[in-house]
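Good morning, and thank you for joining this group meeting. I shall present one structure, moving from its overall form to its parts.

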Amino acid sequence: MFFERRKWVQVKKLISEADLVLEVVDARNPEGTRNKEIEKYALKSGKNIVIVINKSDLVPRSVLEQWRRVFSKEFLTVYISARERLGTKKLWFIIKKVAKEKISNKPVKAAVVGYPNTGKSAIINILKGKHSVGTSPKPGFTKKSTLIKASTWLKVLDTPGVYREKNEVEAVFKGCIEPEKITDPVVSAIELIKKLMKKKGKVFEEVYGVKEKEPLKILKGIGKIRGLVSGRGEVKLGEVAKIVIRDWLKGKIKVYFEPRDYNYLNREKIPTLRRN
Ligand SMILES: Nc1nc2c(ncn2[C@@H]2O[C@H](COP(=O)(O)OP(=O)(O)OP(=O)(O)O)[C@@H](O)[C@H]2O)c(=O)[nH]1
Ligand SMILES: [Mg+2]
């Protein structure tokens with residue numbers, strides 16, 4: 001298993017202290033970046049969950065609607081783009097709706113949780129209306145929690161990203177690790193290329209201008225185009241692999257996954273944890 005135990009302990013504690021949970025997922029792979037363990041924990045602790053599909057600027061609206069529909073069978077779901085500031089009114093509306101269930105005079109505290117790099121801190125900033133917590137293309141950027149007053153009735157809690165994956169390859173695919181910290185970038189990049197090509201065969205030709213179809217040849221091709229070649233004429237594969245992984249993280253490689261990729265359309269019944 002591939003995860004960071006210390007952050008899990010920290011985030012679970014933060015959830016238990018919050019009134020509701022905003023689970024942020026990446027629009028390019030909403031199911032893959034859903035953290036079902038966190039969802040179960042939040043439900044067990046009696047917290048309502050709202051799924052926030054972020055980075056919706058990278059995905060067509062029809063696909064976002066499909067995701068919203070399937071997720072809505074379990075939790076209230078909204079799609080937004082923190083970068084483009086799209087959907088923020090809807091987000092406020094949904095938070096208000098869920099927060100109303102909390103009858104108290106104190107402001108409601110919403111924990112913003114989810115996989116690394118999904119845009120949790122960016123969402124905190126748009127709810128606050130100004131830059132108040134740091135954001136970064138490096139996954140794992142937020143290390144400590146920060147409580148921000150977003151309005152008279154709402155406090156939002158920024159938390160470190162948490163994931164649990166079976167290996168480094170999966171963690172790279174889901175954008176959990178910063179490229180510099182990957183132990184075997186070439187293996188991860190090759191597997192990433194395979195997955196992305198399966199979804200969109202010509203994506204590497206589109207992004208880098210390489211016509212090759214084999215992952216290793218694609219890496220070599222990119223290396224040659226970018227001039228990442230050693231004195232002896234060998235492509236610096238490790239460096240090229242990190243470039244590809246970084247470009248995937250940043251949304252430069254435009255591939256997204258749909259509910260049918262997760263067999264959602266063939267599922268008779270989506271496991272219902274609880275409706276909000
Ligand atoms: N395209 C796009 N990029 C976004 C959006 N929101 C955030 N980003 C980018 O995604 C990267 C990660 O954003 P953060 O807000 O730092 O993500 P985080 O979830 O707080 O990440 P950790 O702190 O590492 O867990 C940054 O480079 C943001 O600029 C969005 O709506 N669209
Ligand atoms: Mg953050």
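Predicted model: local features only at pLDDT ≥ 70, side-chain atom pairs only at ≥ 80, totals over all residues.

**Overall form**

Taken along the principal axes, the box filled by the C-alpha atoms is roughly 70 × 40 × 35 Å.

As to secondary structure, the protein contains ten helices and eight strands. Of its 276 residues, 41% are buried. Let us also consider contacts between residues at least 6 apart in sequence: 65% of these join residues at least 24 apart.

**The two domains**

I turn now to the division of the chain. The domain assignment places residues 2-165 in domain 1 and residues 168-250 in domain 2. Between the C-alpha centres of domain 1 and domain 2 the separation is 30 Å.

How many residues of each domain are in contact with the other? Domain 1 contributes 14 residues, and domain 2 contributes ten. On the side of domain 1 that touches domain 2, six residues are nonpolar, five are polar and three are charged.

**Around ligand 1**

The next topic is the ligand. Ligand 1 has 24 residues around it, of which Gly119, Ser121, Thr135, Thr142 and Gly161 come nearest.

Which element gives the largest share of the shell? That element is helix 5, spanning residues 120-128, with three residues in the shell around ligand 1.

Finally, I would draw your attention to one position. Lysine 236 is found in the loop that runs between helix 9 (215-226) and helix 10 (237-250).

Once neighbours within four places in sequence are set aside, the residues in contact with lysine 236 are Gly223, Leu228, Val229 and Ser230. Isoleucine 15 stands 221 residues from lysine 236 along the chain, and their C-alpha atoms are separated by 44 Å.

That concludes the presentation, and I thank you for your attention.

Key
Residues numbered from 1 in each chain as written. Chains lettered and ligands numbered in written order. Near = placed C-beta within 6 Å. Helix = DSSP H or I, 4+ residues; strand = E, 2+ residues; numbered from the N terminus. Contact = placed C-beta atoms within 7 Å. Domains from an automatic or database assignment. Nonpolar A, V, L, I, M, F, W, Y, C, P; charged D, E, K, R; others polar. Buried ≥ 20, exposed ≤ 12 C-beta atoms within 10 Å, placed from the backbone.
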